Amino acid sequence: MFRIFVSSFAIFAALSAFSLPASAQTGYRMTLSGASPGGLWSMLGAGVNNAIRGDHEGSVITYQTSGGGLANVQIVSSGNAEMGIVHNIELKAAVSGVPPFKKPVTNLRAIAVLYNWAPMQMVVTKAFAKKYDIQSMRDLATKKPPVRIAVNQRGNMVQETNKQILAAYGVSYKDIKSWGGQVVYAAGGEMANLFNDRRIDMAGNGVFVPYRYFTQVAQNMDLKILPLEPEVIAKVAKMTGAEPYTIKAGGYRWLDKDIPTVALSAVLVASTAMSDKTAYDIARALNVNADKVREVHKAMKGLSPALMASLKVIPYHPGAMKYYREVGLQK
């Protein structure tokens, strides 16, 4: 059972709907399952609400919080919310039926990609890299230093992606421990504290650039990001559903070269129970009112109709696909 909270924007929208004349109360009434209150996904929920209301006056899209994308797979699949936000790597695990899923989830369909710029950042202190002459992830694998690496929390798909990246270089968590190193299960804020306390040498996280916690750490010590090789990127992308991505030089003040890696995407999904007309209307509303989603946060400025139609991990809902084909975004 997931604990559910209703966001303030949904309450406001609902109260506004009651003030409308009966003839105007013809919009959609749906629930969108996101993540923690006050985070980016709650802002995206507000953006989706505004976009749909822009095309369908009187619509109310109620945002509810959950444990995040993994939880939203089950919530939407079981019909406890009409829509949810899920990472591409979580969708890949769901449709493949790999842990934490016991069997494939087959009834989820994409409506739109909301962003695809949360790259895996394999960050290491320059002091550690210099001591062991580590310039790349390949060096980490071949030189076997006693690295203490934070990989995110157990059960988190970012942690699983870290595991897949290491595995692509022939390295397991057990190997790291055999080198005299340590695998630490810690979320982003904890990673920053561990860096500052000199209790880890490295961390891997799939987050926007610049990531505030890495920026904070860089005030106390010099950092670098280790690049992934093309064959590793291809392998990890195939295994996890993450997409190839390049972190551009200057993304952090201390980053002086491009870093090839893979990135997480956030996807608005529905189930096969949603009607084709509804999925069509939502896809259209998001595309023609994309500015209403972009304006919720400066990080969303890259949102475009082409991006919304770019997902490859799961099929698009037939209604959404109909719209994307009409406007030439899908064949």
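Biologist: What makes Lys163 and Glu160 a salt bridge?

Modeller: This is a predicted model, and in it the closest N and O atoms of Lys163 and Glu160 are 4.0 Å apart. The cut-off asks for a side-chain nitrogen of Lys or Arg within 4 Å of a carboxyl oxygen of Asp or Glu, so the pair is counted.

Biologist: Where do Lys163 and Glu160 lie, and how many residues apart are they?

Modeller: Both belong to helix α7 (residues 157-168), where they are 3 residues apart, or about one turn of the helix. An α-helix has 3.6 residues a turn, so residues three or four places apart point the same way.

Biologist: Why is Lys163 called partly exposed, and why is Glu160 called partly exposed?

Modeller: The class in question runs between the limits for buried, under 20% relative accessible area, and exposed, over 50%. Lys163 has 35% relative accessibility and therefore counts as partly exposed, and Glu160, at 25%, counts as partly exposed too.

Biologist: What makes Asp258 and Lys248 a salt bridge, and which parts does the pair tie together?

Modeller: The side chains of Asp258 and Lys248 meet at 4.0 Å, N to O, and the limit is within 4 Å, so the pair is counted as a salt bridge. Asp258 and Lys248 each lie in the loop between β9 (243-247) and β10 (259-271), so the pair ties together parts that are 10 residues apart in sequence.

Biologist: How exposed is Asp258, and how exposed is Lys248?

Modeller: Asp258 has a relative accessible area of 39%, so it is partly exposed, whereas Lys248 has 53% relative accessibility and counts as exposed, the cut-off for exposed being over 50%.

Biologist: How many salt bridges are there by this rule, and which distant parts of the chain does the pair of Arg284 and Asp55 link?

Modeller: The count comes to 7 salt bridges. One of them is formed by the side chains of Arg284 and Asp55, which meet at 2.4 Å, N to O. Arg284 is in helix α12 (residues 276-288) and Asp55 in helix α2, 229 residues apart, so that the pair links distant parts of the chain. Arg284 counts as partly exposed at 32% relative accessibility, and Asp55 is partly exposed at 28%.

Biologist: How do you know that the span of helix α2 agrees with its number of residues?

Modeller: Helix α2 (residues 40-55) has 16 residues, which at 1.5 Å a residue should span 22 Å; its end C-alpha atoms are 23 Å apart, and this agrees. The buried residues of α2 include Leu40, Trp41, Leu44, Val48 and Ile52.

Biologist: What makes β7 mostly covered, and which residues lie on its faces?

Modeller: In β7, 5 of its 5 residues are buried. Met202, Gly204 and Gly206 are on one side, Ala203 and Asn205 are on the other, and all are buried, which leaves both faces covered.

Biologist: In which sense does β7 pair with strand β4, and in which sense with strand β5?

Modeller: Strand β4 (residues 108-125) pairs with β7 in the antiparallel sense over 5 bridges, and strand β5 (residues 148-150) pairs with β7 in the parallel sense over 2 bridges. The rule asks for at least two bridges, so both count as pairs. Ala203 in β7 stands opposite Val123, and Ala203 is also the bridge partner of Ala150.

Biologist: Why is Phe214 called buried, and which residues does Phe214 touch?

Modeller: Phe214, whose place is in helix α10, has 1% relative accessibility and therefore counts as buried, the limit being under 20%. Leaving out residues up to four places away in sequence, Phe214 touches Gln121, Val123, Phe195, Ala203, Asn205, Leu223 and Tyr252.

Biologist: Where does Pro210 lie, and with which residues is Pro210 in contact?

Modeller: Pro210 is found in the loop between β7 (202-206) and α10 (212-217). Apart from neighbours within four places in sequence, Pro210 is in contact with Thr215, Gly251 and Tyr252.

Biologist: Why is the protein chain called as compact as a globular protein of its length?

Modeller: The secondary structure of the protein chain comes to 15 helices and 10 strands. Its radius of gyration is 21 Å, close to the 20 Å that the globule rule gives for 331 residues, so the chain is as compact as a globular protein of that length. Buried residues make up 54% of the 331 residues.

Note on methods: Residues are numbered from 1 along each chain as its sequence is written. This is a predicted model: local features need pLDDT of at least 70, side-chain atom pairs count only at pLDDT 80 or more; totals for chains, interfaces and linings use all residues. Side-chain values use heavy atoms; hydrogens and water are left out. Helices (H or I, at least four residues) and strands (E, at least two) are DSSP runs, numbered from the N terminus. The expected span of a helix is 1.5 Å times one less than its number of residues. Buried means under 20% relative accessible area, exposed over 50%, partly exposed in between (1.4 Å probe, protein chains only). Contact means heavy atoms within 4.5 Å. The radius of gyration is taken over C-alpha atoms; the globule rule is 2.2 Å times the number of residues to the power 0.38.
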